[in-house]
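Here's a quick briefing on pockets and helix packing. Take a look at the model first, then read on.

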Amino acid sequence: MSRLRPASDLLSRVILHADAPSIAHLGCADGAVSQLLRDRWLSAPIRCIDPCARSLAKAKERLARPAEFVCDAVDAFAHAPAHHSYDLIFSDGALHASPSLPADLERLLERVRPGGSLALCLPLCGGAALPDGHALLRQAVASQQLLGELRLPPADGAHVDASACMARLRGPLCSELDMWSTRYMARVSEEEPVGQLSLAPLEERAREALTREYLRLVGAACPKEADGSWLLELSYTFVVARRPGLMDIYTDYAAYHDHQLTKGWKS
């Protein structure tokens, strides 16, 4: 499974009517997913936000203009003063560690323009039928004392409270809400050992050490396939919340106004 597969699947559910939508990409990492956004909307201005300066430097190399790069904590975006609004706020695995996740979703939706969308991909640990690739990667990162440098899924057993997220999002600011979970079967090999995670924040020596440790854990947890690879499972929850557009608001008002006129005529 490609590292971009979850983000690509999330992006396929996003519908925007603006030709050049304003986009905020929370947790852009090395810009690989930002490039998917650029390929979809060629002239869209993209604001790429990531706490790692090294990742942002790689994103700058990858991404053509117009783009803006901001080095800042991703969860701080939801709590910052809303000076700007966006047609799309997109995040593929950058908000799961926020302790105020359900409330953050509501605040993020407030920064989406009418007719725009909030689209999130949240990686999960636990409950896998096959060895859990997220859990094994977390173990490897912890053993190398790199927990503060890489964005990881929550610890085993943690989960997204779907009902709390839905309660925060459903209301007058949300005209359509789509939530679903997917388990992917991923092949890991020595040629592509850590495909589901961007290692851009790491120095080369740390990257090599992490890769060796991860392959050791995978080899201990999984039998090798005939082609020499290992089969793992990766789980994600997806959220796409759309704000009502101006035509939606007008249509609802017109329907209500017509209903009131009909009631008055009949009485």
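The largest pocket is lined by 41 residues, and Gly93, Ala94, His96, Arg151 and Leu152 are the ones nearest its centre. This is a predicted model, so to speak: local features need pLDDT of at least 70, side-chain atom pairs count only at pLDDT 80 or more, and totals for chains, interfaces and linings use all residues. Residues are numbered from 1 along each chain as its sequence is written, and side-chain values use heavy atoms, with hydrogens and water left out.

**Largest pocket**

- Its volume comes to about 790 Å³ (the space filled by probe spheres set on grid points, which are joined across faces, edges and corners).
- A pocket here is an open set of points on a 1 Å grid over the protein atoms alone, where a 1.4 Å probe fits, with protein on both sides within 12 Å along at least five of seven lines; lining residues have an atom within 4 Å of a point.
- At least two lining residues each come from α1 (5–11), α2 (32–40), β5 (112–124) and α5 (helices are DSSP runs of H or I with at least four residues, strands are runs of E with at least two, and both are numbered from the N terminus).
- The top contributor to this lining is α5, with three residues.
- Sorted by class, the lining holds 24 nonpolar, nine polar and eight charged residues (Ala, Val, Leu, Ile, Met, Phe, Trp, Tyr, Cys and Pro are nonpolar, Asp, Glu, Lys and Arg charged, and the others, Gly among them, polar).

**Second largest pocket**

- This one has about 150 Å³ of space, and its lining is Arg13, Ile15, His17, Ser117, Glu176, Leu177, Asp178, Val240 and Arg242.
- Two or more of those residues come from each of β6 (176–188) and β7 (230–242), with β6 giving the largest share, three residues.

**α5 against α7**

- The axes of α5 (residues 133–143) and α7 (residues 204–221) come within 9 Å and cross at roughly 135° (axes are lines fitted to C-alpha atoms, for helices over the stretch in contact, and angles run from 0 to 180 degrees between N-to-C directions).
- The pair is therefore oblique (under 35 degrees is roughly parallel, over 145 roughly antiparallel, 65 to 115 roughly perpendicular, and the rest oblique).

**α4 against α6**

- α4 (residues 101–110) and α6 (residues 162–169) pack at about 30°, with axes 8 Å apart, which makes them roughly parallel.
- Contact residues include Leu105 and Leu109 of α4 and Cys165 and Arg168 of α6.
- That contact has seven nonpolar, no polar and two charged residues.

Methods:
Contact means heavy atoms within 4.5 Å.
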